[in-house]
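Subject: Structure for your review

Dear colleague,

Please find the structure below, handed over for your use. My findings follow it.

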Amino acid sequence: MTLETLGFFIAVVVKALIFCVALLTGFAYMTWGERRIVARMQWRVGPNKVGLWGLLQPAADGIKLLFKEQLQPKEAKTFLFVLAPMISLVVALCAYAVIPIDKDPVNIFGYSVEPWVSNPSIAVLYLLGVSSLGVYGIILGGWASNNKYALLGAIRSSAQVISYELALGTALVSPLLMVGSLSFHDVIKQQIDGSYFTGDGGWLILAQPVAFFLYWTAAVAEVNRAPFDLPEAEQELGAGYHTEYSGMKFAMFFMAEYVNMFTVSSVATTVFLGGPGGLPVDDSQGLLFRLLAHGPHWFLLKVYFFMFVFIWLRATFPRFRYDQLMRIGWQFLLPLGLINLGVTAIGVALQWKSYQFTLAVASMMVTLVALSLLNRKEKH
Amino acid sequence: MDEVIKDLIALGKGLSITFRNMLQKPVTITYPENKRKFPARTRGRHVLHRYEDGRERCVGCLLCQGTCPAGAIYIEPEENTPDNPVSAGERHAKVFDVDLLRCIYCGHCELACPTNAITLENNTAIAGYTRESLLIHKEELLEPKGTATLGSTVAWDPKPPTPNTGDFDGSETSSAAVGQGDRPSRKRGAGH
């Protein structure tokens, strides 16, 4: 092995470690943010006693979870019982291997560092595939608990996840069709370097608002998050697939859920909001312009905005009943995604500019609304 | 589809409400830096009161012990000696224990007391590390020497009791005589 290859491997490992640590710390403070923000939306104050502004609360919770007795039902299959949360967490963290946090390689102490762990040409495919593996963690968790209600919760949860994966994938295909590549780096480059009015660049949310809405709804359902969190609500069937888990194993399921939230938010910012892109300024005119044009801080800002939207949705809406949930996934999101895909495909074939895509999608929505108004049955 | 659009607009309205809520001041009272103002009739921890001349109001009649539904009060009465009149009657309470863990804070002892000796005041922060520490004795219950308040009696009884001196010679068995207000005297007759 040459020194260069060794250096490459070390760089990849170090970057992966940095991502893991950042995600787990982010998860911890996401719980803090959620409790404080949901409290504020309910006219109360969240935890503010443990540290300044309650910032040490996640540390206190972590210590508590570590000290909790790890119960295991007598008839539970130990190997699967212990494996399930590990699968969930590892799969959730693996998805971050392909997400870039800046557009171009940066120069640190003379070395050119690429701001991503890897940049395969099939990044989106990898990400969707790896996220699908998370379903194994859920099913194994429910089965290995030897609790029929946990199993029911696990089955409900996994059915929900795989249904919405379809809607998610279909919603993602439309903007990717516009970019013409499955690599996140190409997606970012087109959004930041291209122009909305004169080319096929600009943030893809402007060109594909319907796809964004579909993607976001499917993402919230994919993560089992309110208002789609029936399988894990405490008032339903115990607490779903993680009923029998306590202590650190439960913490791992919890971590997996929040890291999944970070993943879908990151994909949303990368594909729709231009990832690390900032203001449309030229980035070669010095450090300030370089930072204004694109950078990891923009990426973080957008991901945190999406996390805020997760919290906002949770504080606002009551949860869907399970049949309503499945109906939305199959009978609303999927058909709409396919129609949107059709319109996008026509546009790509005709080589439309970005604003033409927006107009086409808008007229598609207007047509659908008009059709539904015409089809409405007369009320007597 | 149009229904969907209308529903989505309704969802947006809901989101705006929560967002606005987030920007408003929370209604939480941040205990212990700020505390609630309790109403006047709050039933908290008990206090034994005194007359203005320093004698205790409690005459060891055991009425509060008898009426307590939880059996939280334990009293041992003792005769008053002429050279040390602890209370204003013939006897006083030598031991007056209130078990704060048994007490249900109903206020019946306050209502039963003929001399307005025991009242429930607004100390609701009652906590301890051991059961023994929450069985309080007379020293902790009694008002300090020099204070002669009426406590929450004035909140329950609109006419404050007069007098507050504790001088009565037993010729009248009236509420006013023992300092419990201007209620009309009961005539002593058959059946009383």
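Glu257(A) lies in helix H9 of chain A, residues 247–271; helices (H or I, at least four residues) and strands (E, at least two) are DSSP runs, numbered from the N terminus. This is a predicted model, in which local features need pLDDT of at least 70 and side-chain atom pairs count only at pLDDT 80 or more, while totals for chains, interfaces and linings use all residues. Residues are numbered from 1 along each chain as its sequence is written, and chains are lettered from A and ligands numbered from 1 in the order in which they are written.

Is Glu257(A) buried or exposed? Glu257(A) is buried, because 20 other C-beta atoms lie within 10 Å. A residue is called buried if 20 or more other C-beta atoms lie within 10 Å of its own, exposed if 12 or fewer, and partly exposed in between, with C-beta atoms placed from the backbone. Leaving aside residues up to four places away in sequence, Glu257(A) touches Val223(A) and Asn224(A); contact requires C-beta atoms, placed from the backbone, within 7 Å. Ser88(A) is 169 residues from Glu257(A) in sequence, yet their C-alpha atoms are 8.2 Å apart in space.

Chain A is divided into domain 1 (18–67) and domain 2 (68–375), with bounds from an automatic or database domain assignment. Taken over C-alpha atoms, the domain centres are 23 Å apart. Domain 1 brings 17 residues to the contact and domain 2 brings 15. On the side of domain 1 that touches domain 2, helix H1 (3–41) and helix H2 (57–67) each supply at least two residues, and H1(A) gives the most, with 12. That side divides into 12 nonpolar, three polar and two charged residues. Here Ala, Val, Leu, Ile, Met, Phe, Trp, Tyr, Cys and Pro count as nonpolar, Asp, Glu, Lys and Arg as charged, and the others, Gly among them, as polar.

Between chains A and B, the contact takes 14 residues from chain B and 14 residues from chain A. The chain B side consists of seven nonpolar, six polar and one charged residue.

Chain B itself has five helices and five strands, which run α-β-α-β-β-α-β-β-α-α from the N terminus. Of its 192 residues, 22% count as buried. Among contacts in chain B between residues at least 6 apart in sequence, 66% join residues at least 24 apart.

Yours sincerely

Key: Contact = placed C-beta atoms within 7 Å.
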